Amino acid sequence: MPATDAHHETVDTGDHVVLIDGSAYIFRAYHALPPLTRSSDKLPVGAVAGFCNMLWKLVRAGQNGGGFAPKPTHLAVVFDKSEQTFRKDIYPLYKAQRPELPEDLRPQFPLIREATRAFDLACVEQSGFEADDLIATYAEEAKARGAQVTVISSDKDLMQLVDGLVRMYDPMKDKAIGVEEVFEKFGVAPDKVVDVQSLAGDSVDNVPGVPGIGIKTAAQLLAEYGDLDTLLARAPEIKQTKRRENLIAFADQARLSRQLVTLKRDVPLDVPLDDIAVVEPSATRLVAFLKAMEFATLTRRVAEAYEVDVAAIDPDPGLRAGASSLMAGLDPATQTAEAAGDGLGPRVTPGDEGAPMGEPGFTPLALAAARQAEATATPVDRSRYETVTTLARLEDWIARAREVGVVAVDTETTGLDPMQAELVGFSLATGPNEACYVPLTHKGGDEGLFSEGLLPDQIPVRDALAALKPLMQDPAVLKVGQNLKYDWLVLRRLGIEVAPYDDTMLISYVLDAGASPHGMDPLSMRWLGHTPIKFEEVCGKGKGQITFDRAPLDKASEYAAEDADVTLRLWRVLKPRLASEGKATVYETLERPLVAVLARMEARGIRIDRQMLSRLSGEFAQGMGRLEADISEMAGESFNPGSPKQLGDILFGKMAIPGGRKTPTGAWSTGADVLEELAEQGHELPRRILDWRQLQKLKSTYADALPSYVHPETGRVHSSFALAATTTGRLSSSEPNLQNIPVRSEEGRKIRKAFIAAPGHKLISADYSQIELRLLAEIADTPSLRQAFQDGLDIHAMTASEMFGVPIEGMPGEVRRRAKAINFGIIYGISAFGLANQLSIPREEAGAYIKRYFERFPGIRAYMDETRAFAREHGYVETLFGRRCHYPDISAKNPSIRAFNERAAINARLQGSAADIIRRAMVRMDGALEAARLSARMLLQVHDELIFEVPDEEVDATIPVVREVMELAPFPAVALKVPLKVDARAAENWDEAH
DNA sequence: GGAGTCACG
DNA sequence: GACGTACGTGACTCCT
């Protein structure tokens, strides 16, 4: 090893002093380099590896023509020592926004100091001073002695040091920064950089600057006025009103900023400049260190250069795997961060329209990766949350949200129903652990006549909402929620329409439907390795549960702020996956816009005729009473017909009727199919039971329950539509479920008649005809089926004719019924057993039908085989529009589980494509109606049907618009060969419109 | 809280 | 030849 000039101690002309900003290096390396871990124990060492490679290149400079000339004669790695610096003393907010250190970065700090020592290089830090001040002081002294200086850092705060003798060097971009580069960045020479920074401020370090002045303006002003002091003195001359006023009003703030950004060049150095001379390292010690780190390549290189035997040197015992406590404090989230990082390639599937670039919340991949890492690696620290009690602090948070451009929002209310719950407070998050809760109507104080029991120190609701509203509607700030439709509705009732927004639940749904749940707690566990506070821990559960406004405020505040914190972290992790997995279009076209569409539908609600339902309830009760009398007489005893257990005992025990089946749990099966069969054999009791059950269902689930859902103020029923509930992309409806209102039986349709239009209005029902069969013809590419749809044939009759050779004219009903059952069976991923069951025919016969079907309609079998194979290989299937439905058990060893998943996967492509189509129609519907100046409003969606409420006089004009939007919904994303057909009708009630 | 049943597409 | 089935939901009632 050719020796460095070891005699070199006194710095003078011709020397090259290299100063490395250690802390900055670690951060940049951490974010720029892959999350490398030591293989034996997963110790994170990415930054250390980069650092060692850099040091090696530096000390080897000149030996192999390396570009870092001249070779360093003096070198120090400089670190920040403590948080408390003179800058904090003059301005406490300085660097107050610094995020918590990522968990897998923290252990790398001591390692980097170790690495510096292993290279026998100086490691410098001094309490009370930032690394930048030390660097400035060394640079200043070296320069004074005529030496050349290189500062290894890309920190703009150091750019003020650059001049003819001092240059900077960006280790990540491998790029030198001289006077010219500084001018490019700041628009001024290096000696004016401080003045620019004093004016422009710095949001990262919390340097205030002068409002309304950025780097460009600052440079321009300085070009005109020379320097900061002159500018501030002559500020009254400035023409632009706002700028002039700000410069005068914030002159002191500018001067304070100058104190903050000006580097101290006269720190009394603990380690004198002469002591940082580069000396030859001990090859043994260096190799021992590198070996302990398990940097195979570098270890070999160093050993070769020094001509030492790697095998003869033991890894540093204090650092090698298992011997150190460096892993302590690392939590499982670190592993998650690595796993997540792996999925982050720059890969974007062609054809995907990608994440919209100009939109708030868009982040370049590299930054997204850094944020993602930070979100997962920074442990949740609830002690850092703030409970906001003053309007001024709320304004601060709102300003911070504007600065960041992305804010997570969560509302806390008195209940689960967004149409009725009252707002209690809200939380915001702008970064990991950077979250607050704003309590508004928490109670617990004395419930006096005037105080309403409100706790003190809460911002008046009106003031808080007035402050919040502009942020929630600011087009430049992305609002992130988890199940945002809830918060959207709560806020809309208070006059706030949130936009633009993202929903982490929906992002997860697009990426992982069928693979994992999308609730906040499971998402937090899965992606952050963090268990949030449970609602029950705050409000209790069961009978003793209290509303959120009565919970202890400290606990409530932590809970609420954490929800926003976790939501923002999830967004940072999940959002980049949309682009990298090619699902941004699915999210943007089929999910996100539906939040507002569905929220508006839910808010409208639908009118019901309570009197009619009450009358029906009485009718049903009478019918049940009569049946109960018959039933006890036939059974010879009185029992509860609603108890399957008791009924089973009566039918198959006491009466000993043969042909009973057992449920999977061993109980007698008394399902409708079983009772139906017994009834056909002539048994009277099962018939009565079936009738009784029907009435019981209609009475309890519909006639009695629906009126209880009528909203006290709107007088209408507001269902809730879930966007992320099914594996296939369908919506679901609940509380009440308005997607299963009876229609198949005469008695049941009486319920449907109770859904009515407002006075002067009609209900329009528009439904897709045979949409899933049409999609089967399309996706399975079956010409005869396609032709049948193009010719407008009766598809079931045509199927029957094709299979059984019966002419369509005069076809017996039974023949068509069988064909219809087969068509449905195909959609469900047919099995001989299932078809046999459905048609009550022997399995062999059903098998023969299926065989016949496959022969007559080539393409169907291939479609099913292909779908099975694809699902098996990928674990998911995709709809026509790219929605993914996951089937993790598709390769289960258990044949029945496997077959079940195969059928579900086959069905999912059809059901899911149909769901996508109606979603597209819904997204466009409001705009189309508005463009046609129609006031029709969507009220409900029932999978292939949309229900509207329309003024009488607009009915005729509305139907064609609705039909067109629905029939053309697939375009332009997909051009179907098979036409879609929509039937639409208007009437006073839902039954007659359908 | 799970099981059984049944309403819908 | 196993295995036990049509696909996707939500609400109500029993009963442990």
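Author: Helices (H or I, at least four residues) and strands (E, at least two) are DSSP runs, numbered from the N terminus. A residue is near a molecule or strand if one of its heavy atoms lies within 4 Å of it. This is a predicted model, in which local features need pLDDT of at least 70 and side-chain atom pairs count only at pLDDT 80 or more, while totals for chains, interfaces and linings use all residues. Side-chain values use heavy atoms, without hydrogens and water; residues are numbered from 1 along each chain as its sequence is written, and chains are lettered from A and ligands numbered from 1 in the order in which they are written.

Take DNA strand C to begin with. The elements α25 (644–654), α27 (684–703), β15 (732–734), α32 (813–827), α33 (832–839) and α36 (895–931) each supply at least two residues of the surface near this strand. The largest share, six residues, comes from α36. There are 33 residues around DNA strand C, and Ser 643, Ser 732, Glu 735, Asn 737 and Phe 833 come nearest. Of the atoms of DNA strand C that come within 4 Å of the protein, 64% belong to sugar and phosphate.

The side chain of Ser 732 has an N or O atom 2.7 Å from a phosphate oxygen of DNA strand C.

Now DNA strand B. It has 23 residues around it, of which Thr 665, Thr 670, Val 743, Arg 744 and Asp 944 come nearest. Sugar or phosphate holds 76% of the atoms of DNA strand B within 4 Å of the protein, and the rest belong to bases. Here α27 gives the largest share of the surface, four residues. A phosphate oxygen of DNA strand B is 2.5 Å from a polar backbone atom of Val 743, and another polar contact puts a side-chain atom of Thr 663 2.7 Å from a phosphate oxygen. Arg 730 reaches a base: a polar atom of its side chain lies 3.0 Å from a base nitrogen of DNA strand B.

Within helix α32 sits Asn 823. Asn 823 counts as buried because its relative accessible area is 0%, where buried means under 20%, exposed over 50% and partly exposed in between (1.4 Å probe, protein chains only). Beyond its neighbours within four places in sequence, Asn 823 is in contact (heavy atoms within 4.5 Å) with Leu 773, Ile 795, His 796, Thr 799 and Tyr 853.

Chain A has a mean pLDDT of 88, with 92% of its residues at 70 or more. The value stays under 50 over residues 1–7 and over residues 323–358.

Key: Polar contact = N/O pair within 3.5 Å; in protein donor to acceptor, adjacent residues only side chain to side chain. pLDDT = per-residue confidence, 0-100.
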